[in-house]
Amino acid sequence: MSDDVLTRDSIRLGLSATDKDEAIRMCGAALLEAGAIAPPYADAMFDREREVSTYLGEGFAIPHGTNESRQFINRAALGFLQFPEGVDWDGDTVYVCIPIASNSDEHIGILGALAEVLMEPESAEKLRTTTSVDEVIALLSAIGEEE
């Protein structure tokens, strides 16, 4: 994964959110602040969530916009938002949101690599509980490198 896809500024640890909507708003704000998206993409993250849950399992969700909202993406980017107390996600508990902005099919490779990381229980647990931005970068650094 290139250094500009997941930047240190897009990694936010120790957050709290009252509900799923607040967590999604925070995800959109992270991508917006990174300059990766325009505001309509952040709004479309709610549309995607209404279409199909972005809950991935293992306490992770991957909020992203709809295909129609790709026109509002400036560049490929990921965020990493950690909620140590968890957020109710329609009956599941999410501890980490990884918002995605991708205006091509590059996100498919990113999702595949993320799934591999999450299949390792120790790595998934570290991502849920770490207090170190450097550890997040180290654990996710392999994402997208196989392409």
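# Lysine 20 and the rest of the fold

The side chain of lysine 20 reaches the side chain of aspartate 90 in a polar contact of 2.7 Å. That's a handy place to start looking around this structure, which is a predicted model. Lysine 20 sits in helix 1, residues 20-33, while aspartate 90 is in the loop between strand 5 (80-89) and strand 6 (92-97).

**The whole chain**

- The protein chain has 5 helices and 7 strands.
- If you walk along the sequence, the pattern reads β-α-α-β-β-β-β-β-β-α-α-α.
- There are 147 residues in the protein chain, and buried ones make up 46% of them.
- Take the contacts between residues at least 6 apart in sequence: 66% of these join residues at least 24 apart.
- The accessible surface of the chain is about 7100 Å², and carbon and sulfur atoms account for 47% of that.

**Around lysine 20**

- Is lysine 20 buried or exposed? Lysine 20 counts as buried, because its relative accessibility is 14% and the cut-off for buried is under 20%.
- Setting aside neighbours within four places in sequence, lysine 20 touches Glu49, Val87, Asp88, Trp89 and Asp90.
- One of these, glutamate 49, forms a salt bridge with lysine 20 through their side chains, at 3.9 Å from N to O.
- Lysine 20 belongs to helix 1 and glutamate 49 to helix 2 (residues 39-51), so this pair ties together parts that lie 29 residues apart in sequence.
- Glutamate 49 is buried too, with a relative accessible area of 8%.
- Aspartate 90 is exposed, with a relative accessible area of 56%.

**Other charged pairs**

- Side chains of opposite charge can pair when their charged atoms come close.
- How many salt bridges are there? The count comes to 8.
- Aspartate 47 and arginine 50 make one of them, with their closest N and O atoms 2.4 Å apart.
- Both of these residues are in helix 2, 3 residues apart, or about one turn of the helix.
- Aspartate 47 is partly exposed at 33% relative accessible area, and arginine 50 is exposed at 63%.
- The side chains of glutamate 58 and arginine 128 also meet in a salt bridge, at 3.9 Å from N to O.
- Glutamate 58 is in the loop between strand 2 and strand 3 and arginine 128 is in helix 4, so the pair ties together parts 70 residues apart in sequence.
- Glutamate 58 is partly exposed, with a relative accessible area of 48%, whereas arginine 128 is buried at 15%.

**The sheet and a loop beside it**

- An open sheet of 5 strands runs in the order 1-5-6-3-2, with mixed pairing.
- Which strands are at the edges? Strand 1 (11-12) and strand 2 are the edge strands, because each pairs on one side only.
- Strand 2 pairs with strand 3 in the antiparallel sense, over 2 bridges.
- Phenylalanine 60 in strand 3 is the bridge partner of glycine 57.
- The loop between strand 2 (55-57) and strand 3 (60-61) holds glutamate 58.
- Glutamate 58 has a positive phi of about 55 degrees, despite not being a glycine.

- In helix 4 (residues 121-129), the residues Ser123, Ala124, Leu127 and Arg128 are buried.
- They span an arc of only 135 degrees around the axis, which puts them on the same side of helix 4.
- Turned away from that buried side is a face of helix 4 that carries the exposed residues Pro121 and Glu122.
- Helix 5 (residues 133-140) has Val136, Leu139 and Leu140 buried.
- Looking down the axis of helix 5, the buried residues fall within an arc of 85 degrees, so they line one face of the helix.
- Serine 132 caps the N-terminal end of helix 5, with a side-chain oxygen 3.3 Å from the backbone nitrogen of aspartate 134.

Methods
Residues are numbered from 1 along each chain as its sequence is written. This is a predicted model: local features need pLDDT of at least 70, side-chain atom pairs count only at pLDDT 80 or more; totals for chains, interfaces and linings use all residues. Side-chain values use heavy atoms; hydrogens and water are left out. Helices (H or I, at least four residues) and strands (E, at least two) are DSSP runs, numbered from the N terminus. Buried means under 20% relative accessible area, exposed over 50%, partly exposed in between (1.4 Å probe, protein chains only). A polar contact is a pair of N or O atoms within 3.5 Å; within protein, one must be able to donate a hydrogen and the other to accept it, and residues adjacent in sequence count only if both atoms are side-chain atoms. Contact means heavy atoms within 4.5 Å. The arc is that of the directions from the helix axis to the C-beta atoms. Accessible areas come from the Shrake-Rupley method with a 1.4 Å probe; for residues, only the protein chains shown count as cover. A salt bridge is a side-chain nitrogen of Lys or Arg within 4 Å of a carboxyl oxygen of Asp or Glu.
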